[in-house]
Amino acid sequence: MAEMGLKILDGTELRSGDLRLPITGGAVNGKRVVEMAEAEAAARLYGLSLPDSLRSGVLRRLGSGTDSFLSMEFIDDELQKKKIQEYLLALADELEDDPLVVSILDGSGLRVVLDDEDDFAMVAENVFTDLDTNDTGKLSKSKIQNVLAHMGVELGVPPFSASGDLLNNILKRHGAEGEEQLGQAQFAQLLQPILQDIADALAEKHVAVIQNIKVINGSKLKKILNEKKLLDDITGRIFHEWQENGNGAWNKETLAGLLQGKGSELGLPPYDSNEEIGFLFDQIFSNTSQEKVTGNWNREAFQDEVKTILKMLAELLEANPVFIDRES
């Protein structure tokens, strides 16, 4: 079965090097600058189209509202280059804080299926059966489009939305249109060269597809640790909750629970998202003796200990990022 090539985009690819693509030249507005910057980013990020949320975050980092930036005029080539570089660096910062996990489709996944006759026959039979909901033993040529969507990224086929005109052009070239009815064998004969052309096209120009995976890498926590006022505020609130847990309830489990309760604010993964998180906290608190955790802590001593724990968490997450569903 085909395997996806997963890659984490954390902005590294955007931080260095001259612009790869030419600029328009002459006076342009901010909208055109954004288009040039995103084309440059796509050239470095496997042709990826940026989500709207990411684009909005970049404009916020540039200190401009979307409408105001898009309406600005840039009359000088050097100024355009500067703004494009600023956009790329802001995008890199945004990806560093919240990396994207993408599947890089290069045709190799489809090749695995196509190079094994038994694998291809099984895939063709399965998709035909799944789409033949009326059990007629026939599907129209136009259903090939549904087959590609049904196969999906897992089998190495990009979504129509991520591939531009690639899939539609290949379907047209092979006459995969209209309502002519095909049996399973005929359908497989039409499908095979279409998949071969898709594999060839992907080998020549890779397609990146964003996965619904969030990477927790300690980036947000490191920023908090470097902002004294914010860090003191958060640890101060945790101390207040710690005091409210009196009556002999002070222990490592209580402290771990308080930190887990602030997980979203601290950039920590949800505790119940997967078992790796439990191991992460176990690893941290195994280095904290029970005797050290005491209800006699004053505010300063408590905050110092919590900061030490948070630094260890940030280091562990940087070395071993945690992957969770974005909905978690």
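Begin by selecting K262, which, leaving aside its neighbours within four places in sequence, is in contact with R237, I238 and E241. The structure on screen is a predicted model. K262 sits in the loop between α12 (252-261) and α13 (263-266). Is K262 buried or exposed? Its relative accessible area is 10%, and K262 is therefore buried, the cut-off being under 20%.

Next, move to T24, in the loop between β1 (5-9) and β2 (28-29). T24 has a relative accessible area of 42% and is partly exposed. Display its surroundings: with neighbours within four places in sequence left aside, T24 is in contact with R32, M36 and Q80.

Select M151, L195 and I198, which touch the most other members of the largest nonpolar core, a set of 35 residues. The elements giving two or more residues to this core are α5 (108-114), α6 (117-131), α7 (144-151), α8 (166-173), α9 (184-204) and β7 (207-216). Which of them gives the most? It is α9, with 9 residues. Centre the view on M151: beyond its neighbours within four places in sequence, M151 is in contact with L110, V123, V127, V157 and L195. Another core lies apart from this one; it has 31 residues, including L258, L268, F285 and V306.

The last stops concern aromatic rings. How many aromatic pairs does a search of the whole structure find? The search finds 3. Select F128 and F187 for one of these: the ring centres are 5.5 Å apart and the planes stand at 70°, so the pair is edge-to-face. This pair links distant parts of the chain, with F128 in helix α6 and F187 in helix α9, 59 residues apart. F128 is buried at a relative accessible area of 3%, and F187 is buried at 2%.

Then select W242 and F302, a tilted aromatic pair with 5.5 Å centre to centre and 35° between the planes. W242 belongs to helix α11 (residues 228-244) and F302 to helix α15 (residues 299-319), so the pair ties together parts 60 residues apart in sequence. W242 is buried, with a relative accessible area of 1%, and F302 is buried, with a value of 0%.

Note on methods
Residues numbered from 1 in each chain as written. Predicted model: local features only at pLDDT ≥ 70, side-chain atom pairs only at ≥ 80, totals over all residues. Heavy atoms only, no water. Core = buried A, V, L, I, M, F, W, Y, C linked by side-chain atoms within 4.5 Å. Buried < 20%, exposed > 50% of the residue type's maximum accessible area, 1.4 Å probe, protein only. Helix = DSSP H or I, 4+ residues; strand = E, 2+ residues; numbered from the N terminus. Contact = heavy atoms within 4.5 Å. Phe/Tyr/Trp six-rings, centres within 6.5 Å; stacked < 30°, edge-to-face > 60°.
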